[in-house]
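Subject: Structure for you to look at

Hello,

Here is the structure I said I would pass on. Please open it next to this message and follow along.

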Amino acid sequence: MNDPRARKVSQAALMSSADETEASFYEAMQQGDLDKMMSVWADDEEIACVHPGGPRVVGSVAVRAGFEAVFVNGPVHVQVHHVRRMETATMAIHHVTEKVQATTERGLETAYVIATNVFVRTAMGWRMVAHHASAGLPQDLPDITEPRTVLH
């Protein structure tokens, strides 16, 4: 399958939910696979991505270039924790904590990233339209939430 459009159509069946699309996104990161990465994104020039400490990039060409730069050093070893979901029939927003590990001259180092992933349901299945990642704290902390009250 050399036609990227045909590859994208075949991937659509694999992404029948926002969760499946998000799993494919993180698999692409872990594999350093740029084509797989771009297959999770909507075919829309308003898609946007913010990498930790970086500018907002808009459009498929800019998003692709951003991930190409990320993958220059190979796959990104990332695990997702603390997923919080807000979903409707046509849109999903996932707030996640990413645990990113990399080998540096000081050995294996771990960083935490707070990210928001936004998905929409399209004719091609669920697709990502935004990924916004910010540097987190040096350690993984639980979410800070309002206390819940029980109404009887």
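This is a predicted model: local features need pLDDT of at least 70, side-chain atom pairs count only at pLDDT 80 or more; totals for chains, interfaces and linings use all residues.

Start with helix α2, residues 18-31. At 1.5 Å a residue, its 14 residues should span 20 Å, and the end C-alpha atoms are 20 Å apart, so the two values agree. Several of its residues are buried, which here means under 20% relative accessible area: A18, T21, E22, S24, F25, Y26, A28 and M29. In an α-helix, residues three or four places apart point the same way, because there are 3.6 residues a turn. Just after α2 comes G32, with a positive phi of about 65 degrees.

The strands are next. β6 pairs with β5 in the antiparallel sense, over ten bridges. These two strands form a hairpin with two residues between them, and F119 stands opposite M128 in β6. β6 also pairs with strand β1 (residues 48-50), here in the parallel sense and over three bridges. In that pairing, V50 stands opposite H132 of β6.

Last, look at H82 in strand β3, residues 77-87. Its phi is near 50 degrees, a positive value in a residue other than glycine. Most residues other than glycine have a negative phi. H82 counts as partly exposed, because its relative accessibility is 34%.

Regards

Technical notes: Residues are numbered from 1 along each chain as its sequence is written. Side-chain values use heavy atoms; hydrogens and water are left out. Helices (H or I, at least four residues) and strands (E, at least two) are DSSP runs, numbered from the N terminus. Buried means under 20% relative accessible area, exposed over 50%, partly exposed in between (1.4 Å probe, protein chains only). The expected span of a helix is 1.5 Å times one less than its number of residues. Two strands pair if DSSP finds at least two bridges between them.
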